[in-house]
Amino acid sequence: MRVIYSEDHKLRDAKTELYNGQLVTPFEGPFRAEWILEAVKQAGFSDVVAPERHGLETALKVHDAGYLDFLSKAWDMWKATGAEGEAIPTSFPVRRSTLRRPNDIDALLGYYANAAETAITDGTYQAAIASMQCAVTGADWLNAGNRFAFSLCRPPGHHAGIDLFGGYCFINNAAVAAQRLLDLGAKKVAVLDVDFHHGNGTQDITYRRGDIFFASLHGEPADAFPYFWGYADETGEGEGEGCNANYPLPRGTLWSEWAAALQDSLSRTKAFGAEAIVVSLGVDTFERDPISFFKLNSDDFTRMGTVIAKAGLPVLTCMEGGYGVPEIGLNVANVLKGLEA
C-alpha cells in the first residue's frame with residue numbers, strides 16, 4: 001500500500017467555523033492528517049511518499065475554470081478589502097435570483113459556496129492544490145499496475161462541485177483522480193463515497209457522465225448535511241442516467257444495514273464495468289464522531305476494506321471526513337488493513 005502525503009496540508013489552518021450559531025474552532029484541521037498519518041505508519045504502512053507536482057490540467061476537466069481562478073485569488077481579494085477575519089460567505093444566490101457572476105469578493109464567496117461554515121484562509125488554495133496532487137499521484141500509482149494506494153488528502157474534496165466549495169472542500173480530489181485514470185486509458189471508473197455525508201460535489205460533477213459510476217452511502221439528506229442532495233431517486237441524467245446511486249440511511253445505522261448498501265453498490269460497480277474504484281473515505285460513520293449519526297465501530301472499518309477488496313478491482317482511497325476523535329487514525333488504518341487482508 002503506497003501512502004501519498006503532503007506537508008503542505010498544514011498551510012490551511014482555519015481558525016473559525018460557523019457552527020450552532022457561533023464561530024468555533026473548525027472540526028477540520030491539520031491535526032486530522034497528523035493523527036491519520038501516525039496511525040497508518042504504526043499499522044505498518046511505511047511506504048509514504050510526497051505527491052508529484054501536477055498542475056491543473058486534470059482539475060480543469062471536472063471544475064469550471066472561473067471557479068479555480070477564484071480559488072487562487074480569493075484570499076488576496078479578501079485581504080485587499082481590509083477585512084481582519086477569515087473569508088466566510090454571507091450572501092448567496094437563491095431561488096429566483098440572478099445567477100450573474102458578481103465582481104465583489106463578498107458576493108463571489110456566496111456565488112461559489114454551497115455552505116457558509118467553511119472559511120477561506122491564507123494557504124487554503126495552496127493546501128487544496130497539494131491535496132489534489134496527492135490524488136493524482138495515487139491514480140498514477142494504480143495506472144502503473146499497482147493494486148492499492150492511499151492518498152491522504154487534506155483538505156477533503158467530495159463536497160466541491162463543478163463550481164462550488166463548502167463542507168471543508170475546495171477541489172474534488174476523488175473526481176480529479178477518476179478523471180486522471182480515464183485520461184490514462186481507463187474506459188470506465190467508479191467513485192464509491194463511504195463518508196457519512198453525501199458526496200454532493202462528486203454527484204454534481206459526474207451526474208451527466210456515462211464514464212464514471214458514482215455511489216454514495218450517507219445519512220438521510222432530510223436530516224444530514226448537505227441536505228439538498230443525495231436522495232435515492234437521483235439516478236443521473238443524459239449519458240449519466242443510471243450511473244448515480246444514492247443510499248440514504250437513517251439515524252443510528254449499524255454495520256449490518258450499512259454493509260448491505262455497500263454490497264449493492266459494489267455489485268452495481270461491477271455491472272457497470274468499472275476498471276478501478278476511487279474510494280472517498282470518510283470515517284465519520286464512526287459511532288463517536290461528533291457531527292454524524294451512524295454507529296459503525298472500529299472493527300467495522302476493517303470489514304469495510306475487506307468487502308471493497310473482494311470486488312477484485314484496483315482501489316485508490318482518497319481521504320475525506322472523520323472528525324474530533326483520535327480513533328479516526330485507527331479507523332483509517334483498519335480500512336487499509338482490510339483492503340490488503
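Reader: How many cavities of 30 Å³ or more does a search of the whole structure find?
Author: Just a note before that: this is a predicted model. The search finds 1 cavity of 30 Å³ or more.

Reader: What volume does the largest cavity have?
Author: About 30 Å³.

Reader: Which residues line the largest cavity?
Author: Arg12, Ala14, Thr16, Glu17 and Pro26 are among them. Glu117, Thr118, Ala119 and Tyr168 also line the cavity.

Reader: And how does that lining split by class?
Author: It has 4 nonpolar, 2 polar and 3 charged residues.

Reader: Switching to pockets. What is the volume of the largest pocket?
Author: About 550 Å³.

Reader: Which residues lie nearest its centre?
Author: Pro93, Val94, Leu99, Ala113 and Leu164. They belong to a lining of 16 residues.

Reader: What classes make up that lining?
Author: The largest pocket has 10 nonpolar, 3 polar and 3 charged lining residues.

Reader: OK, second largest pocket. How much space lies in there?
Author: About 330 Å³.

Reader: How many residues line the second largest pocket, and which lie nearest its centre?
Author: The lining has 23 residues. Tyr19, Glu117, His197, Phe225 and Ile291 lie nearest the centre. Glu117 also lines the largest cavity.

Reader: How many of the second pocket's lining residues are charged?
Author: There are 6 charged residues, along with 12 nonpolar and 5 polar ones.

Key: Residues numbered from 1 in each chain as written. Predicted model: local features only at pLDDT ≥ 70, side-chain atom pairs only at ≥ 80, totals over all residues. Heavy atoms only, no water. 1 Å grid on protein atoms, 1.4 Å probe; cavity = no way out; pocket = protein on both sides within 12 Å on 5 of 7 lines; lining within 4 Å. Points joined across faces, edges and corners; volume = space filled by probe spheres on them. Nonpolar A, V, L, I, M, F, W, Y, C, P; charged D, E, K, R; others polar.
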